Amino acid sequence: MKAMIYKTLIILAACWAVSGQAIAAGAEGELEPSGINVSDMASLQRGAKMFVNYCLSCHNAEYMRYKRLSEDLELSEEQVMDNMVFADVKIGNLMTVAMDPADSARWFGKTPPNLTLVARARGADWLYGFLRSFYQDESGGWNNLLLPNAAMPHVLWQLQGIQTAVPGEHEGEVGHLELATPGLLAPDEYDATVRDLVAYLDYMSEPAKLKRKNIGVWVILFLAAFTLLAYLLKAEYWRDVH
Ligand code: HEC
């Protein structure tokens, strides 16, 4: 019996080690970790503000309601209405854009995708990289290392400044990006701002995550208490047998 338990434990430990490595060395190996913390309320609030100010003009988040934002992010309805809602909308409205998709397709060549679920599709690290990888290419237009020839302009360029590409070893390859014109924020401040924004995008892709994490703690506590009870019960049953 004991040997079997040991064997099971060893197998479990091996699985855990292997899966950890697989994740660490995954296909996205070159992405820098975003370091977001969706339990950090202040960060989510700053991110939400960035989102409505800089992204919502083009992108939809039409599966998300302002009301939910106020409940989850511990903001009063007044705070949401005063700081985040510019158009003539009510607190119960979905976060949609005023721009007609046909117009945006004409202006940008592509309709800006709905961002409600983008963090689940792309992952937080990709988004963090994407928003820090815009640069001005030889044509003078915006380009992006993670989404080459992106139809999206660098909407945060005033904050970050303008990056240009330093050629890599191979013909036509980008080695790395260089900050040619500084922006309003220092590079580490810009990174922190993007981190807030990505944390918000991650939260928005799964608002239940905030609650689920809290519930998780209670479930573990319950299981621990239950295990103890079960053990005491077993001891009680077996007392007479021994
Ligand atoms: C001026 C309009 C505009 C604004 C403002 C804008 N975007 Fe975009 N965005 C686009 C367009 C157009 C695309 C499609 C790019 C493509 O596929 O080439 C896009 C694509 C994206 C994508 C890639 C989606 C995918 O999976 O391919 C992400 C992520 C994104 N935007 C995030 C943001 C964030 C975050 C903000 C706010 C900081 C923002 N965008 C602001 C126009 C905009």
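Begin by selecting N149, which is found in the loop between β4 (142–144) and α8 (157–160); helices (H or I, at least four residues) and strands (E, at least two) are DSSP runs, numbered from the N terminus. N149 has a positive phi of about 55° although it is not a glycine. With a relative accessible area of 63%, N149 is exposed, where exposed means over 50%, buried under 20% and partly exposed in between (1.4 Å probe, protein chains only).

Before going further, note that this is a predicted model, in which local features need pLDDT of at least 70 and side-chain atom pairs count only at pLDDT 80 or more, while totals for chains, interfaces and linings use all residues. Residues are numbered from 1 along each chain as its sequence is written, and side-chain values use heavy atoms, with hydrogens and water left out.

Next, select E74, in the loop between α3 (66–72) and α4 (77–83). E74 is not a glycine, yet its phi is positive, at about 55°, and its relative accessibility of 59% makes E74 count as exposed.

Now select residues 161–167 and 174–182, which are strands β5 and β6; the two run antiparallel and are joined by seven bridges, and strands pair if DSSP finds at least two bridges between them. To follow one of these pairings, pick G161, whose bridge partner in β6 is P182. β5 and β6 form a hairpin with six residues between them, and G172 in the turn has a positive phi of about 75°.

For the helices, select residues 41–54 (α2) and 187–205 (α9), whose axes come within 7 Å and cross at roughly 90°; axes are lines fitted to C-alpha atoms, for helices over the stretch in contact, and angles run from 0 to 180 degrees between N-to-C directions. α2 and α9 are therefore roughly perpendicular to each other, a term that covers 65 to 115 degrees. Among the residues that meet here are L44, M50 and F51 in α2 and L197, Y200 and M204 in α9, contact meaning heavy atoms within 4.5 Å. By class, this contact of α2 with α9 has ten nonpolar, three polar and two charged residues.

Finally, select C55 and C58: is each one buried or partly exposed? C55 counts as buried at 13% relative accessibility, whereas C58, at 22%, counts as partly exposed. The count of disulfides comes to zero, a disulfide being a pair of cysteine sulfur atoms within 2.5 Å.

Note on methods. Angles under 35 degrees count as roughly parallel, over 145 as roughly antiparallel, 65 to 115 as roughly perpendicular and the rest as oblique. Ala, Val, Leu, Ile, Met, Phe, Trp, Tyr, Cys and Pro count as nonpolar, Asp, Glu, Lys and Arg as charged, and the others, Gly among them, as polar.
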